[in-house]
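Here is a short briefing for a first look at this protein. Please view the sequence and the structure, then read on.

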Amino acid sequence: MAYFYSSIMSVKSKKKKFEPRFNFYFPAIFMLLPIFSSLARADNVIQVPMDLAEWDFRQEHLECTLFHKEESVGEIYFHAITNRQVTLELDVNNKAIFGNNAQLFKLAPPWMPSKKDFISEGFLEPRSNKIKFRRGVGELIHSVERGNWINIELSNDPALPLADIRLPAIRFKPSYDQFTRCQSALPDISYAQARDTRLYFDIGQEDLTEKQRQNLKALSSFIQADDTVTKVLVDGHTDNVGASVTNLQVSRVRAQAVEKMLNDYGVPEQMIEVRAHGSRYPIANNNSSIGKAQNRRVSIRLVRNNEPVVFEQSIEDNTGKVQ
């Protein structure tokens, strides 16, 4: 049985590095040479040398990142802020390859039969050099763990790519394992989703629906994961139908139902402040059924590090009249 040794030139080291590979018959060398040479000839292909391919992991407050830095491109990373979704993001440091279109593919490694599967389109964040992919990234990261490569095409015209970026899955597994453990400990929703929550109520409704209970369960997972949340404000509101005293009581009952559910899901009672407002602070005009439906609500706001509280915007002016 013969051993296949390959000579790989890395840009950084400027030295040839001889590495043993898996057992191959010598004919395998001639099968692989056309593949590697075709990649080298393509002017728009940016392929990270396999001896330099390295994935790293970092963890910050309620964030998990699995990243790869490539000097000629920028930083490419998997990013998670909830336990339910992963995004793939690219911070481009070379404006010459930054186009208006971005496509994400799953690519078979060069020593396997050629296969390239489209995953999703990316979108460009305004006023930045960042490209983000959302759809299909969870499937992609698992396939990379199994050995597939990442392929990103940047272009102004999909038929003429400015850059064809190919990232190997070499030395991916250790950082991937850290990333998955980190993500599993994240809450169900992000801070942007949890910061301000509204639950809307039907006419006469006091008990929570199943959907509302699930929303509160996800919210409680964030509150318990984020140790900077110091207070949870629960404000009950109604429309203007009925007597003021009755509306005040209805808004309190609804707010207390939310408080109890948060308690049941593990949020400490001392963190929650319940307030009832009746019909005093509408956010929509009560002249229509749609407006009334928006005003029958319980608002839940999270306060971090005892920061000053900004009250929910009402359509009433300082005199208490609807504008």
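**Aromatic pairs**

The count comes to 7 aromatic pairs. Rings of Phe, Tyr and Trp (its six-membered ring) pair if their centres lie within 6.5 Å; planes under 30 degrees apart are stacked, over 60 edge-to-face, and the rest tilted. This is a predicted model: local features need pLDDT of at least 70, side-chain atom pairs count only at pLDDT 80 or more, and totals for chains, interfaces and linings use all residues. Residues are numbered from 1 along each chain as its sequence is written, and side-chain values use heavy atoms, with hydrogens and water left out.

- The pair of Trp 55 and Phe 172 is edge-to-face, because the ring centres are 5.2 Å apart and the planes stand at 85°.
- This pair links distant parts of the chain, 117 residues apart. Trp 55 is in the loop between strand S3 (45-47) and strand S4 (56-60), and Phe 172 is in the loop between strand S13 (160-167) and helix H3 (173-184). Helices (H or I, at least four residues) and strands (E, at least two) are DSSP runs, numbered from the N terminus.
- Both Trp 55 and Phe 172 are buried. Buried means under 20% relative accessible area, exposed over 50%, and partly exposed in between (1.4 Å probe, protein chains only).
- Ring pairs join Trp 55, Phe 78, Phe 172 and Tyr 176 in a cluster.

**Charges over rings**

- The charged end of Arg 58 sits over the ring of Phe 67, 4.4 Å from its centre. The rule asks for NZ of Lys or CZ of Arg within 6 Å of the ring centre and within 35 degrees of the ring normal.
- Lys 116 lies over the face of Phe 105, at 4.5 Å from the ring centre.

**Helix H3**

- The 12 residues of H3 should span 16 Å at 1.5 Å a residue, and the end C-alpha atoms agree, being 16 Å apart. The expected span is 1.5 Å times one less than the number of residues.
- Ser 175, Tyr 176, Phe 179, Cys 182 and Gln 183 of H3 are buried. They lie on the same side of H3, because they cover an arc of only 125° around the axis. The arc is that of the directions from the helix axis to the C-beta atoms.
- Exposed residues Pro 174, Arg 181 and Ser 184 are on the face of H3 turned away from its buried side.
- The cover over the buried residues of H3 includes S4, strand S5 (63-70), strand S6 (74-80) and helix H2 (137-145).

**Helix H2**

- In H2, the buried residues are Val 137, Leu 140, Ile 141, Ser 143 and Val 144. Their arc around the axis is only 160°, so they sit on the same side of H2.

**Nonpolar cores**

- The largest nonpolar core has 40 residues. Such a core is a set of buried Ala, Val, Leu, Ile, Met, Phe, Trp, Tyr and Cys residues joined through side-chain atoms within 4.5 Å.
- Phe 78, Leu 88, Ile 150, Ile 152 and Leu 154 have the most contacts inside the largest core. Contact means heavy atoms within 4.5 Å.
- Another core lies apart from it and has 24 residues, among them Phe 201, Ile 223, Val 267 and Met 271.

**Whole protein**

- The protein has 7 helices and 17 strands.
- Of its 323 residues, 45% count as buried.
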